[in-house]
Amino acid sequence: MTVIIGQMKMRINIHLRVNTFIIVCSCFYLTFTGASEAERRLHQKLFKDYNMKVRPARYWEERVMVRVGMTLSQLVSLNEKNEEMTTNVFMNLAWTDYRLSWNPEEYDNIMVLRIPPNKVWRPDIYLINNNDGQFDVALYVNVLVYNDGTVNWFPPAIYRSSCSIEVSYFPFDWQNCSMVFRSYTYDASEVDLQYFLDDNGHEIHEIVIDENAFTENGEWAICHKPSRKNIKDDLYEDITFYLIIQRKPLFYIINIIVPCILTSVLAIFVFYLPPGAGEKMTLSISVLIALTVFMLLLADRVPETSLGIPIIVNYVMFTMILVTFSVILSVVVLNLHHRTPSTHIMPHWVRNVFINFLPKYIGMARPNPEECEMKEEINDIPLRSFNGRPPGGEYFFRKINPDLVLPWRGRCESVVQLQKLPDTDSYCLILPPNLKSAISAVTYMAEQLKKQDLDDTMTGDWQFIALVVDRLFLWLFVIITTLGTLAMFLDASLNYTPENPFP
């Protein structure tokens, strides 16, 4: 009996819990059903006779005001090659549709509805200067409809807009890129485009930066971001958003400009390399090939336009021209260095200009051989005299062999004779034939030695002229390279963004 009573109590408790759960669920159901019922009735009332193809104007002449704004999340990139700017934005569109208004008290104080965008009238405002054929937004989010008929739409979009690139000061340039938004089918007599309003009801005349979600670009810094309303002659009006951006040139300075400057310095030191080293042409051509590689790298970065030449391309071309001239002038210097008296005659003006006049003005001084010999004689240790006579006055032979000298005694068939010329006071010296041949041989050897000394002197003069020309070209290239580099990059430093975007 006790067991039966216990079972009956357990069944009663289970039934009570089930009933309680059913009552609670019923309350929640009635509550949400009432809310959903009010929203359903509101939807049914708003879209009963609604036509999304009809402009929300009470009469034909009325203009529908559409407010356009933009919130920037990221400046993704600026492709100079294709002249294309990629941005990640949120569009801010607002207008009033009197057909979508209601009294909140009649619908459980519902103040706002979220409606799919394909169920309401929307102004066909698109990006006009798009660069990829995608005129529309990235995602069709719901529109927010308020009880007074105000409609807000904030769709996200990734726009690829065309941007005319000014390359004259690349990579120290700034660009002015614009995004033009306009209605495709409505003109100014039907749709009135205005600036978007902030929370205080003031017009926003610039692009809004989303501080919470904005990602800074590593190459470009945003300087100005204004917007402007433009009215065309054909009654079409648009809202144009401008992005005035300044390039951050550190990447190009480290990877392109500094190597170019160092390469130009190598081109200068070609003239410091002695002509006899045999590596002047190799160094010049290697520098020229390196600059050609830099030109190929720059060709992939700058746009293919003939409206302007980037300043860095001008600098590389300037350096290439200098290196080309260094190759040509190295050939000239090597030609001068290897000239000899047997192939070239030195003009008198060349000696006066390049040996006597020019060296003292370019920091060169030719050593004098006589002075060097005098210094060597001064530094020499004096030798002892022999029998009171200075050394070097005669030759001393040790262990003379008489057989080498005595056989020559009988070979002279005649002696040296001094004969007076007839009818004159002059005398002539008559020498034996063997002595004549010996004197002729000695004279020939002396003339050859003298000629060899003269040839060596002339060869040394040509080599010194080659050194003078080398030093002259060295100073000229230092001056030209320095002035050219300063002129180009100082000109680029004056290219800065304007303080007022609309002067």
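Colleague: Are Phe 271 and Phe 477 buried or exposed?

Modeller: Both of them, Phe 271 and Phe 477, are buried. Keep in mind that this is a predicted model.

Colleague: How do the rings of Phe 271 and Phe 477 sit relative to each other?

Modeller: Their centres are 4.7 Å apart and the planes make an angle of 55 degrees, so the pair is tilted. The pair links distant parts of the chain. Phe 271 is in the loop between α2 and α3, while Phe 477 belongs to helix α8, 206 residues apart.

Colleague: How many aromatic pairs does a search of the whole structure find?

Modeller: The search gives 17 aromatic pairs. Among them is Phe 271 with Phe 473, an edge-to-face pair with 5.7 Å from centre to centre and 65 degrees between the planes. Phe 473 is buried, as is Phe 271.

Colleague: Which residues form an aromatic cluster?

Modeller: One cluster is formed by Phe 172, Tyr 315, Phe 318 and Phe 489.

Colleague: And what sits over the ring of Trp 462?

Modeller: That is the charged end of Arg 339, 5.0 Å from the ring centre. Arg 55 lies over the face of Trp 60, at 5.3 Å from the centre of that ring.

Colleague: Switching to cysteines, how many disulfides does the structure hold?

Modeller: There is 1 disulfide. The bond joins Cys 163 to Cys 177, with an S to S distance of 1.9 Å.

Colleague: Why is the disulfide of Cys 163 and Cys 177 called left-handed?

Modeller: Because the torsion about its S-S bond is about -75 degrees. Both Cys 163 and Cys 177 are buried, by the way.

Colleague: What about Cys 223 and Cys 260, how accessible are they?

Modeller: Cys 223 counts as partly exposed, at 33% relative accessibility. Cys 260 is at 1%, so it counts as buried.

Colleague: Let's do charges. How many salt bridges does the structure hold?

Modeller: The structure has 15 salt bridges. One of them pairs Glu 203 with Arg 67, and the closest N and O atoms are 3.8 Å apart. Here Glu 203 is partly exposed at 37% relative accessibility, whereas Arg 67 is buried at 18%.

Colleague: Which residue forms a salt bridge with Glu 80?

Modeller: Arg 247 does, with the closest N and O atoms 2.6 Å apart. That pair links distant parts of the chain, Arg 247 in strand β13 (residues 237-247) and Glu 80 in the loop between β1 and β2 (84-101), 167 residues apart. Both Arg 247 and Glu 80 are buried.

Colleague: And what is the N to O distance between Lys 280 and Asp 470?

Modeller: Their side chains meet in a salt bridge at 3.0 Å. Lys 280 is in helix α3 and Asp 470 in helix α8, 190 residues apart. Lys 280 is buried with 1% relative accessible area, and Asp 470 is buried at 3%.

Colleague: Last one: which residues make the nonpolar surface patch of about 370 Å²?

Modeller: Ile 261, Val 265, Phe 269 and Tyr 272. Of these, Ile 261 is in helix α2 (residues 250-269) and counts as partly exposed, at 30% relative accessibility.

Definitions and conventions: Residues numbered from 1 in each chain as written. Predicted model: local features only at pLDDT ≥ 70, side-chain atom pairs only at ≥ 80, totals over all residues. Heavy atoms only, no water. Patch = residues over 30% accessible without salt bridge, like charges linked within 9 Å, V, L, I, M, F, W, Y side chains within 5 Å. Areas by Shrake-Rupley, 256 points an atom, 1.4 Å probe, with all protein chains shown as cover. Salt bridge = Lys/Arg side-chain N within 4 Å of Asp/Glu carboxyl O. Helix = DSSP H or I, 4+ residues; strand = E, 2+ residues; numbered from the N terminus. Buried < 20%, exposed > 50% of the residue type's maximum accessible area, 1.4 Å probe, protein only. Phe/Tyr/Trp six-rings, centres within 6.5 Å; stacked < 30°, edge-to-face > 60°. Lys NZ or Arg CZ within 6 Å of the ring centre and 35° of its normal. Disulfide = S-S within 2.5 Å.
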